[in-house]
Amino acid sequence: MAPARTGSAGDTAADTDLPPAKPSLRERKKIQTRQAIRRTAYRLFEEQGYDATPVDQIAEEAEVSPSTVFRYFPTKEDIVLTDEYDPLIEQALRDRPPGEPPVAALREALYASIARIYQADAVETLQRIRLIREVPALRARMSEHSAETAWLLRRALAERTGRADDDLELRIVTGAMLGALTEAMYAWVDTGMSGTLEDLSALVTRALGVLERGLTL
């Protein structure tokens with residue numbers, strides 16, 4: 001939902017409703033371990049707060065070693081920020097009609113992805129957005145994850161437009177739209193995350209609309 005680093009291909013199939021890639025037994029065990037660590041961390045963050053939850057405690061309650069946690073998540077922040085949704089968003093963009101204007105295609109791809117991510121695990125999605133909004137260390141680390149998401153979207157837009165994937169205009173469009181999406185999420189948190197998925201979509205529509213009408217107020 002919020003921009004983040006992508007997990008493994010097998011993890012993507014496990015955590016979304018994408019067609020399964022028939023992972024090997026070894027890959028399935030890795031997926032289960034990653035999910036156990038993440039779910040344990042989210043539970044502890046909810047119970048005692050992000051800053052008050054050390055990685056050692058997450059490892060102990062997930063029944064793995066601290067080194068295993070760091071093998072899957074290089075930093076504590078990555079437990080929250082790493083997800084499997086970047087390929088989902090990229091594919092949603094590739095699936096848009098070829099003749100659709102690039103900005104509209106990206107907007108509709110983001111809408112569709114938000115709905116699928118929210119429906120897959122609404123509770124964890126809400127907790128993740130709230131943590132990113134409230135914890136400075138997560139917001140600082142998120143810039144690195146956002147760069148990867150932006151690159152994937154630029155790559156898909158480059159194919160649609162015939163531009164290079166490092167084109168300045170593509171960088172501006174993807175960066176601005178991801179920034180607008182992030183601010184819409186923050187606004188939702190600031191209002192108590194009340195309402196339904198449709199209410200969140202309405203905020204996203206307002207945020208992206210500012211860009212589409214040329215940043216006029």
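Contact here means heavy atoms within 4.5 Å. The model is predicted: local features require pLDDT of at least 70, side-chain atom pairs count only at pLDDT 80 or more, and totals for chains, interfaces and linings use all residues. Residues are numbered from 1 along each chain as its sequence is written, and side-chain values use heavy atoms, with hydrogens and water left out.

Helices are DSSP runs (H or I, at least four residues), numbered from the N terminus. The loop between α9 and α10 contains A164. A164 is partly exposed, at a relative accessible area of 44%. The classes of accessibility are buried (under 20% relative accessible area), exposed (over 50%) and partly exposed in between, with a 1.4 Å probe and protein chains only. Neighbours within four places in sequence aside, A164 is in contact with A158 and L170. R154 lies ten residues from A164 along the chain, and their C-alpha atoms are separated by 8.7 Å.

The crossing of α9 and α10 is right-handed, a term for a near helix turned clockwise from the far one by less than a right angle. On the α9 side, the contact includes M142, A150, L153 and L157. From α10, the residues include L170, T174, L178 and Y186. By class, this contact of α9 with α10 has eight nonpolar, five polar and three charged residues. Nonpolar covers Ala, Val, Leu, Ile, Met, Phe, Trp, Tyr, Cys and Pro; charged covers Asp, Glu, Lys and Arg; the others, Gly among them, are polar.

The contact of α7 with α11 divides into eleven nonpolar, three polar and two charged residues.

Side chains of opposite charge can pair when their charged atoms come close. The structure holds 14 salt bridges, each a side-chain nitrogen of Lys or Arg within 4 Å of a carboxyl oxygen of Asp or Glu. R94 pairs with E90, their closest N and O atoms being 2.7 Å apart. These residues are four apart in helix α6 (residues 86–94), and so are separated by about one helical turn. E90 is buried, at 8% relative accessible area, whereas R94 is partly exposed, at 31%. E90 also meets R155 in a salt bridge (2.7 Å, N to O). This pair links distant parts of the chain: R155 in helix α9 (residues 136–161) and E90 in helix α6, 65 residues apart. R155 is partly exposed, at 27% relative accessibility.

A further salt bridge joins E169 to R163, with 3.6 Å between the closest N and O atoms. E169 is partly exposed, at 43%. R163 is likewise partly exposed, at 40%. Elsewhere, salt bridges that share partners join E90, R94, R155 and E159 into one network.

Technical notes. Helix = DSSP H or I, 4+ residues; strand = E, 2+ residues; numbered from the N terminus.
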